[in-house]
Amino acid sequence: MKKLNIGCGYEIKPDYINLDVVDYGGNIIHNMNSFPYPFEDNTFDEVYASHILEHLDNFNKVITELHRILKSDGLLIVYAPFFLNTKYFGDPDHKIPFSIRTFDNYEYIGNKKLKFYEKWKLSHRTNYKTGAQFEVIEKKFITSHFAILKWLDYLVNIEPVIYERFFAGIFSPEEVYFKLRAKK
């Protein structure tokens, strides 16, 4: 199983190819705003992207490139700061805001029964017809890494789109998490 840890930083993961713009010791050096990435099509079974995508210049180009290097049914694991949290707007290097709906334009629908807002979004996609599509296996908010607040994850993820729309400005989750499967 071939796996990529993109934007690895100091988290050099064993059994992964680690990639970052700076040499952290044990990683491939590559500017992730420069395309194509130094990998063949359909190389990886998994791409792990923790707190990197929000730093890059063009979301569509990056997601299209990750789709290219993932095998069919390969997994894309994403952690990113939620855009209303200080983890996002407190870092001046963050360029791309993330919400629970960030991957909506790239979602593979298949035979999925759509909710009313999903029907609307389907006709308003802005993925520039790249062909990059992902089945959403899981998407959720992570409210906090403090153990005493972890129970809130259950509540905010009962209906995360509704939570984001009406309540996230009052109590902002720290992160969003996505587990996506490349559809080719």
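**Reading the model**

Colleague: How far from the centre of the ring of Tyr16 is the charged end of Lys13?

Modeller: A charge is taken to sit over a ring if NZ of Lys or CZ of Arg is within 6 Å of the ring centre and within 35 degrees of the ring normal. The charged end of Lys13 sits over the ring of Tyr16 in this way, and its distance from the ring centre is 5.2 Å.

Colleague: Before we go on, what kind of model is this?

Modeller: Residues are numbered from 1 along each chain as its sequence is written, and side-chain values use heavy atoms, with hydrogens and water left out. Local features need pLDDT of at least 70, side-chain atom pairs count only at pLDDT 80 or more, and totals for chains, interfaces and linings use all residues, since what we have here is a predicted model.

Colleague: Which residue in E7 is the bridge partner of Val136?

Modeller: Strand E7 (residues 175-183) pairs with E6 in the antiparallel sense, over nine bridges. Within this stretch, Ile142 stands opposite Glu175. The bridge partner of Val136 in E7 is Leu180.

Colleague: Is Asn5 buried or exposed?

Modeller: Asn5 is found in strand E1, and its side chain joins that of Asn18 in a polar contact of 2.9 Å. A polar contact is a pair of N or O atoms within 3.5 Å; within protein, one must be able to donate a hydrogen and the other to accept it, and residues adjacent in sequence count only if both atoms are side-chain atoms. Buried means under 20% relative accessible area, exposed over 50% and partly exposed in between, with a 1.4 Å probe and protein chains only. Because its relative accessible area is 2%, Asn5 is buried.

Colleague: Which residue has a side chain in polar contact with the side chain of Lys184?

Modeller: Lys184 lies in the segment after E7 and, at 48% relative accessibility, counts as partly exposed. The backbone oxygen of Arg68 lies 3.2 Å from a polar atom of the Lys184 side chain, although Arg68 and Lys184 are 116 residues apart along the chain. The side-chain partner, at 2.7 Å, is Asn42.

Colleague: Which residue is joined to Phe35 by a cis peptide bond?

Modeller: Most residues other than glycine have a negative phi, and most peptide bonds are trans. His51, in the loop between E4 and H1, has a positive phi of about 55° although it is not a glycine. The cis bond, with omega about 0°, joins Phe35 to Pro36.

Colleague: How many aromatic pairs does a search of the whole structure find?

Modeller: Rings of Phe, Tyr and Trp (its six-membered ring) pair if their centres lie within 6.5 Å; planes under 30 degrees apart count as stacked, over 60 as edge-to-face and the rest as tilted. Counted in this way over the whole structure, the number of aromatic pairs is 16.

Colleague: What is the angle between the planes of Phe59 and Phe98?

Modeller: Phe59 and Phe98 form an edge-to-face pair, 5.7 Å centre to centre, with their planes at 80°.  The two are 39 residues apart, with Phe59 in helix H1 and Phe98 in the loop between H2 (86-89) and H3 (116-122). Phe98 is buried, at a relative accessible area of 0%, and the angle between the planes of the pair is 80°.

How values were computed:
Two strands pair if DSSP finds at least two bridges between them. Helices (H or I, at least four residues) and strands (E, at least two) are DSSP runs, numbered from the N terminus.
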